[in-house]
Amino acid sequence: MKQDIHPTYHEVNVTCSCGNKFTTQSSMEKENFNIEVCSECHPFYTGKQKIVDTAGRVDKFNQKFGNMFKRSV
């Protein structure tokens, strides 16, 4: 393995826009890093995710192809 080609690996303080702060390790040069979404506020991780169907596309799909994917037991 070649010597002196690897970046330095150090701790980085991450701050989310929701106020959550945590420390991780990275090779980027910044000591502090600001993000917009983290696992504390993202709807997928909090369980508050909703399917937004403004044009009725889900219903239209189910009417057209709904019986095609039903399993027969």
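The chain exposes about 7,200 Å², and carbon and sulfur atoms supply 50% of that area; the value comes from the Shrake-Rupley method with a 1.4 Å probe, in which, for residues, only the protein chains shown count as cover. This is a predicted model, in which local features need pLDDT of at least 70 and side-chain atom pairs count only at pLDDT 80 or more, while totals for chains, interfaces and linings use all residues. Residues are numbered from 1 along each chain as its sequence is written, and side-chain values use heavy atoms, with hydrogens and water left out.

Of the 73 residues in the chain, 10% are buried. Here buried means under 20% relative accessible area, exposed means over 50%, and partly exposed lies in between (1.4 Å probe, protein chains only).

The secondary structure comprises two helices and three strands, arranged along the sequence in the pattern β-β-β-α-α. These elements are DSSP runs numbered from the N terminus: helices are H or I runs of at least four residues, and strands are E runs of at least two. Contact means heavy atoms within 4.5 Å. Among contacts between residues at least 6 apart in sequence, 2% join residues at least 24 apart.

Strand E2 spans residues 21–26 and contains Ser26. Leaving aside residues up to four places away in sequence, Ser26 touches Thr8, Tyr9, His10 and Val12. A polar atom of the Ser26 side chain also lies 3.1 Å from the backbone nitrogen of Met28.

The structure holds one aromatic pair, formed by Phe61 and Phe65, which is tilted, with 5.3 Å centre to centre and 45° between the planes. Rings of Phe, Tyr and Trp (its six-membered ring) pair if their centres lie within 6.5 Å; planes under 30 degrees apart count as stacked, over 60 as edge-to-face and the rest as tilted. Phe61 and Phe65 are separated by about one helical turn, because they are four residues apart in helix H2 (residues 57–65). Phe61 is partly exposed at 41% relative accessibility, and Phe65 is partly exposed at 28%.

The cysteines remain to be considered. A disulfide is a pair of cysteine sulfur atoms within 2.5 Å, and by this rule the count is zero.

Technical notes
A polar contact is a pair of N or O atoms within 3.5 Å; within protein, one must be able to donate a hydrogen and the other to accept it, and residues adjacent in sequence count only if both atoms are side-chain atoms.
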